[in-house]
Amino acid sequence: MKRINNPQELEKVREEILGSRDPDKPCITICSGTGCHAFGCEKVTESFRAELRKQALEERIYIRTTGCHGFCEKGPLVVINPQKIFYQRVTPEDTGEIIAETLLKNNIIERLLYTHPQTGEKIVKEENVPFYKGQMRIIFGNNGKIDPTKIEDYIAIGGYKALSKVLRELSPPEIIDIIKNSGLRGRGGGGFPAGVKWESCRNAPGDKHYVICNADEGDPGAYMDRSLLEGNPHSVLEGMMIGAYAIGSDEGYIYVRNEYPLAVRNVGIAIDQLRECGLLGENILDTGFNFDIKVNRGGGAFVCGESTALMASLEGQAGEPRAKHIHTVESGLWEEPTNLNNVETWANVPLIINEGVDWYTDIGTENSKGTKIFSLVGKVNNTGLVEVPMGITIREIVYDIGGGIPGDGKFKAIQTGGPSGGCIPESLIDIQVDFDKLTEVGSMMGSGGMIVMDDKTCMVDTAKYFLNFLKDESCGKCTTCRDGTRRMYELVDAITRGEGKEGDIELLEELSWVVSEASLCALGQTAPNPVLSTIRYFTDEYEAHIKDKRCPAGVCKDLITYSIDEEKCTACGKCKKVCPSDAITGEKKVPHIIDTEKCIRCGACITECKFDAIEVA
Amino acid sequence: MITFTIDGFEVEGEKGQNVLQVALDNGFDIPHLCYHEALKPYGACRLCQVEVTKGGRTRLTTSCNYPVLEGISVQTNTEKTTRARKMVIELLLARCPGVPIIKDLAKEYSVGEPRFKVDNDDCILCGLCERVCREVVGVDAITFLGRGSDRKVGPPLEINPKTCIACGACVYICPTNCIKLEETESERTIVRWERTLPMKKCKACGRSFAPWFQLEYFGKITDGIPADFWDKCVDCR
Amino acid sequence: MGPKAIDRILKKYDYEHSSIIGVLQDLQDEENYLPEKDLEHISERLSMPLARIYRIATFYNTFSLTPRGKQLINVCLGTACHVRGAARVLDRLKMYLGIDVGEMTKDRLFSLQTVNCVGACALGPIVVIGNEYHGQITPGKVESTIKKYRKKPRKSATKSPRHKKLKIEN
Ligand SMILES: Cc1cc2nc3c(=O)[nH]c(=O)nc-3n(C[C@H](O)[C@H](O)[C@H](O)COP(=O)(O)O)c2cc1C
Ligand code: SF4
Ligand code: SF4
Ligand code: FES
Ligand code: FES
């Protein structure tokens, strides 16, 4: 990419790119996000390329490998443009046919279409697939339109227009006003108003100001930040640049999880391209604005998502939080004023500048504007990333977009907010999802994890899971957090083993109060949420474990036995083969039997049995 | 000067001071385990809880790392501070049931048998040893290792820290007395860190007075002091 | 790693103390773990206390102070994978390999580790072996999945995955 010296040149480059592209020329778009990778999209891409070469069609048909489209479950995903024909589960064997039929003859290949699970209807266009239909993909939608490693693609869809506009037309306080008026709240957890944070940071005295992008995405079960950074890194970078200009910063950092190699790679490529064309560096677009960005890889510590721990880690120390009596906007990285925002928060910024405050504030609820990307996973039919307007109900997300609960399972709860959040029960399925409502019901928006749980999910086990996570991920400094979460874990663990006692629930509540009130950082302060919310909504289940020594969901190993339903068993012998402790016996044609003494309740037989014959009680 | 109140009494502090320091100087009793005036406040033990009212909002917070601010009002003894301190003590007692200072606190706050599984540790992870070694002695011989409930404190390779000069600062500062120093005519050992250093004898009186390695270190970090200064013990210098 | 190679890494980071985490990541990418003598060398070259380096090496999950097997098996225990039965997969792996989490098999072929989410939650439970992702793993699929790696050459696991290869077990 050649150097872009000023706003006029940026527009010229954009025209050139658009001029060289024929919008009506067919384009094969192949999702190459992490999910589709796992389904082998690389081979599909290779095969498409080979086919096009073979048929000498390279000139007539574009190929574009993009970031994640969100519907990972059905990967590899292929969209044929401009018609937007949506093919799922595409294999390398299908590519020849797709070119011959769909691209050359405009015929639809039925077999590759998405089938509506309830109506059985075949759906042709991406936007009509129920998973996408209920969404509002203003941030995430561009992932499907661009190759994240090509800055030209981003410029072609209007990239860096917002940056150019603010540098030319707006003063920093004007930008801050726009962000404040847009009502944009931080997407990383707390929901703090972004514009207010920017303003405090701008006004904080100091020679040097820093901006940071928090891409540590510690919530286990959420991956929207990964997909944004992987699939559209320039949108995040443009947001950071606008923020830096508004705040008066010339140095930025991106702190990204080491477990996300593709995100690290793609954002690195994007930064190199920006430096090459002069959009990062000195005197950007001839406006006197200087800015550069460094990428730091995290080391796999949840607590490093916390702002002060993240900054300690950037300074090359262990990620231990410090007291925030003086805020990081005044004294953050290297004790200089520092503004930290989440990946998705940054990605909202160019959109707000381009589309305007009125447009943006039309979306969402009173105090939560815009959209939010959720990672809809767990026991739900359509898993993947969904971007929805704030204020949508949980029911719409789970049933309309998510397609409901698989098999004959029943919706039981939805966990939001990760380890700092809580479980929301079925009785609250019609609440409108926004920052305040989720907090009100004892959970949190968090970074946007949404884990659907069905009747086979044990809520006590869920609490135990998070406590185990937190006791390991606490930095270990505070007595209350370090020993408090460990003691809570021990108590809940005992309950799941049938060793719970009368009074345990009260002790858990007492401990919870102290852990949340007396710990230093938000990790400890929110650590009791998973326990408190499950106690609040699922007391029965705790009591079943404590009093009746029973796990109603059939999960807690020490409280269940496995047996085989004679009626259902076809004596196929599969379970016998997978059982690691030789607990299953049975001859051919005779229903099999589980020896409960030998059975270690590993569950291998359940997943293997095609006839649903294994029973848990 | 910064003026604020503690339990209704007006007190004064200086910029950079913390609430705990000012409270202690004025004779208020706030229990604390990880604070020492010679070291940077760390805020790990969570015992020094107070309630601070600032701008109309009252919240529970540790006093050791709360900066003194004009006009705040601090309560050192409320229902909430007691509730928090009692649980902190119970947690520490379950961790270190044999440590006298914890047992005394438990008695003072009427904390009975811990309701948790009892361990048999002797370190409360206050970090005083680690900080004194780094901030005052300057040799960084010991550190925190691990994180979460596996955190511990010790030398990088678990034993015999190579930069340790066996000065005994950690021994002196440890509130639980779990770091022991043993000395013979020829050697000094910091037992917990398994560090043993040979002793130097005083050129004048012949008594062994400090580890060779420690004196070499002092020689290195000080300027303008004649080398033979370190050959004699404190009494003979 | 030789002193020269370490100096090359240190130079890449301009001998900055603040880059110590990156230095250790690069070292581990090469060596598969953090050898004691290399850490001592780094401590000397940077004049950074060894204690501080160990503090970091033991704080962050990424780092290992003991040698690891040729193939790293990472079982995702993130929430999404957990509710889909990741714990059972892990149990099965432990039993099959005869090792606990954090240990290496006797033949030095495999090390077993856990990770909290690798960002492929829609396909859980996920097991990452070397740099290949295996989605929708069940206890029953564990043996056949691992067996394929018995013959694989060393290099795929030790080098840092610049670009991960991914695939699904069906
Ligand atoms: C334990 C803990 C983990 C966190 N993890 C993340 C994270 O992974 N990503 C993130 O953006 N924010 C995380 N946060 C929130 C950040 O501290 C911070 O509030 C946020 O990045 C600010 O950006 P925002 O205002 O744009 O949301 C975490 C907070 C805590 C206490
Ligand atoms: S609350 Fe927990 S994570 Fe936060 S500083 Fe204290 S020990 Fe560390
Ligand atoms: S050894 Fe003593 S001084 Fe050091 S952390 Fe433990 S209790 Fe504190
Ligand atoms: S003395 Fe304040 S937290 Fe320990
Ligand atoms: S929870 Fe396993 S990949 Fe996210």
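**Exercises on buried pairs, helices and a chain contact**

Asp493(A) and Lys464(A) are both buried; buried means under 20% relative accessible area, exposed over 50%, and partly exposed in between (1.4 Å probe, protein chains only). The model is predicted: local features need pLDDT of at least 70, side-chain atom pairs count only at pLDDT 80 or more, and totals for chains, interfaces and linings use all residues. Residues are numbered from 1 along each chain as its sequence is written, chains are lettered from A and ligands numbered from 1 in the order in which they are written, and side-chain values use heavy atoms, leaving out hydrogens and water.

**Exercise 1. Salt bridges in chain A**

Work out which residue forms a salt bridge with Asp493(A), and how far apart the closest N and O atoms are.

*Solution.* Start with the rule: a salt bridge puts a side-chain nitrogen of Lys or Arg within 4 Å of a carboxyl oxygen of Asp or Glu. The partner is Lys464(A), with the closest N and O atoms 3.2 Å apart. Asp493(A) lies in helix H19 (residues 479–496) and Lys464(A) in helix H18 of chain A, so the pair ties together parts 29 residues apart in sequence. Helices are DSSP runs (H or I, at least four residues), strands likewise (E, at least two), numbered from the N terminus.

Now take a second pair. Asp153(A) and Arg64(A) meet through their side chains in a salt bridge at 3.2 Å, N to O. This pair links distant parts of the chain: Asp153(A) sits in helix H6, Arg64(A) in strand S2 (residues 62–66), 89 residues apart. Asp153(A) and Arg64(A) are buried too.

Finish with the total. The whole structure holds 67 salt bridges over all chains.

**Exercise 2. Helix H12 of chain A**

Compare the reach of helix H12 (residues 261–276) of chain A with its expected span.

*Solution.* Count first: H12(A) has 16 residues.

Then look at the packing. Buried residues of H12(A) include Val264(A), Val267(A), Ala270(A), Ile271(A) and Leu274(A). The buried residues of H12(A) pack against several elements of chain A, among them helix H11 (233–247) and strand S10 (289–297). Last, check the end. Just after H12(A), Gly278(A) takes a positive phi of about 80 degrees.

**Exercise 3. Helix H13 of chain A**

State how many residues of helix H13 (residues 307–314) of chain A are buried, then find what covers them.

*Solution.* Eight of the eight are buried, so H13(A) is mostly covered. The cover includes strand S7 (210–215) and strand S11 (338–342) of chain A, together with helix H2 (20–31) of chain C. Just after H13(A), Gly316(A) has a positive phi of about 85 degrees.

**Exercise 4. Chain A meets chain C**

Describe the contact between chain A and chain C by residues and by area.

*Solution.* Residues come first: chain A gives 62 and chain C gives 49, with contact meaning heavy atoms within 4.5 Å. Area comes next. About 4,400 Å² is buried between the two chains, and carbon and sulfur atoms give 56% of it. Buried area is the accessible area (1.4 Å probe) that two parts lose on being put together, summed over both. In chain A, Ala38(A), Arg297(A) and Tyr465(A) lose the most area to chain C, together 14% of what that side buries.

Then count charged pairs: there are four salt bridges between chain A and chain C. One of them joins Arg297(A) to Asp26(C), with N and O atoms 3.0 Å apart. Lys557(A) and Asp91(C) also meet in a salt bridge at 2.9 Å, N to O. That pair crosses from the loop between helix H23 (539–546) and strand S17 (562–564) of chain A to helix H6 (residues 86–97) of chain C. Lys557(A) is partly exposed at 34% relative accessible area, and Asp91(C) is partly exposed at 24%.

**Exercise 5. Chain B**

*Solution.* Of its 237 residues, 51% count as buried. Thr81(B) lies in helix H2 (residues 79–95) of chain B. Beyond its neighbours within four places in sequence, Thr81(B) contacts residues including Gln49(B), Val50(B) and Leu60(B).

Technical notes
Expected span 1.5 Å × (residues − 1).
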